[in-house]
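Here's a quick briefing to read with the model open beside you. We'll go through a helix, a sheet and some aromatic rings.

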Amino acid sequence: MINVAVLGYGTIGAGVVEVLTTNADSIEKKAGQRIVVKRILDLRDFPGDPHQDKVVHDYKIIEEDEDIQVVVECMGGLEPAYTFVKTALLQGRSVATSNKELVAKYGAELIGIAEEKKVNFLFEASVGGGIPIIRPLTQCLTADVIEEISGILNGTTNYMLTKMEEEGMAFDEVLKEAQEKGYAELHPEADIEGYDACRKIAILTSLACGKQVDFEDIHTEGITNITAEDFRYAAKMKKCIKLLGKSWNDDGKLYAMVCPMLIDHYHPLAGVKDVFNAIFVHGNMVDDTMFYGRGAGKLPTASAVAADVVDCVKHMGTHIKIIWEQEKRELSDFSSFERKYFVRMPKEISLEEVRKAFGDVEPVKVEGIEETAFVTGAMKESDYHKAADQFDTILNMIRIDE
């Protein structure tokens, strides 16, 4: 029998306990041993909860319980999660976590401790919720050089963009609806400003290159400037707008960014709607693969965490090799990368003025919108900004992913 301690009894922690309890018999067959939740750490009491008797308020109780072999961290945030997880690993206990902030910041260090102690630090749920992506990157695709990762990594923003595209809703209106449905937090900045997706693409890029990619180095933009008019232009161009977390290799240089992008309707990510997430991976041998599913939610995320617990149990005394060194991998300056841009300006700006600054452009006209809108030719980001700086008012700019 394997005893587990769950840190945090919120949505995900409660989900992990539910999965391990409800599917106990099935999980036992797959793990080879019975997995039992012995302790639950939370500051609150849960009167009437069937697991109330397992709840403790002091991590010391778990730290000193020699029967605990696996720790599940579902607290979120950096502290005290980092201290508790590091302590558990140093004690020779495996850890499974869903905490993207923890993994993005300290993943390389914690993997190193786990390897030294011959235990495991697993974090499948930290990026795709219920979507398997960490294990495919670290096990299934290890024969490939990963050349591109491009993902819809945040369900809240994808839901909002879907509603704006299909129902013509304004940003503020759809945000309010997302909050009422529980898809967006009361303070939704982490989602709508792209910070959540940034941490996730940092994790995936670190795993793909085997070195530490700091999320602070990744250029990040959210969806707060996207309007209903942008979607009307996108439809005219037979494209859609998605918030993408993206990293790619180009001529030996590694780039990463998070921002809204225009993608063609035939792109594999174009059909990903509502709260669903998807991650597109291109390898130099396997070519294109895509992973799709619910990127968040109580039971999908808990299912991924519980699967990591099973892996920890199956590999007791053995470290599952994950290459993620603490040495930092520097990102190349994305301003040197060439792409096309969709730009909207007030109608007072003539195409002649535009072409003087941007060179040859392709005008885009939508009935009922009186603006000067156009698609540039392929140009470096730095050159785009030099041209854009010649105008006082640009209504919006969206990069085009081709």
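Which residues of helix α2 (residues 24-31) are buried? They are Ala24, Ile27 and Ala31. Keep in mind that this is a predicted model.

**Helix α2**
- Just after α2 comes glycine 32, with a positive phi of about 90 degrees.

**The open sheet**
- Six strands line up in the order β3-β2-β1-β4-β5-β6, with parallel pairing.
- At the edges stand β3 (55-56) and β6 (121-122); each has a single partner strand, so one side of each is left without a neighbour in the sheet.
- Four bridges join β4 (residues 68-73) to β5 (residues 94-97) in the parallel sense, and valine 70 stands opposite serine 94 in β5.

**Aromatic rings**
- There are 15 aromatic pairs in the structure.
- Tyrosine 59 and phenylalanine 84 have ring centres 4.2 Å apart and planes at 10 degrees, so the pair is stacked.
- That pair links helix α3 (residues 59-63) with helix α4 (residues 81-90), its two residues being 25 residues apart.
- Both tyrosine 59 and phenylalanine 84 are buried.
- For tryptophan 248 and phenylalanine 337, the ring centres are 5.0 Å apart and the planes at 70 degrees, so this pair is edge-to-face.
- Lysine 246 lies over the face of tryptophan 248, 5.8 Å from the ring centre.

Technical notes
Residues numbered from 1 in each chain as written. Predicted model: local features only at pLDDT ≥ 70, side-chain atom pairs only at ≥ 80, totals over all residues. Heavy atoms only, no water. Pairing = 2+ DSSP bridges. Buried < 20%, exposed > 50% of the residue type's maximum accessible area, 1.4 Å probe, protein only. Phe/Tyr/Trp six-rings, centres within 6.5 Å; stacked < 30°, edge-to-face > 60°. Lys NZ or Arg CZ within 6 Å of the ring centre and 35° of its normal.
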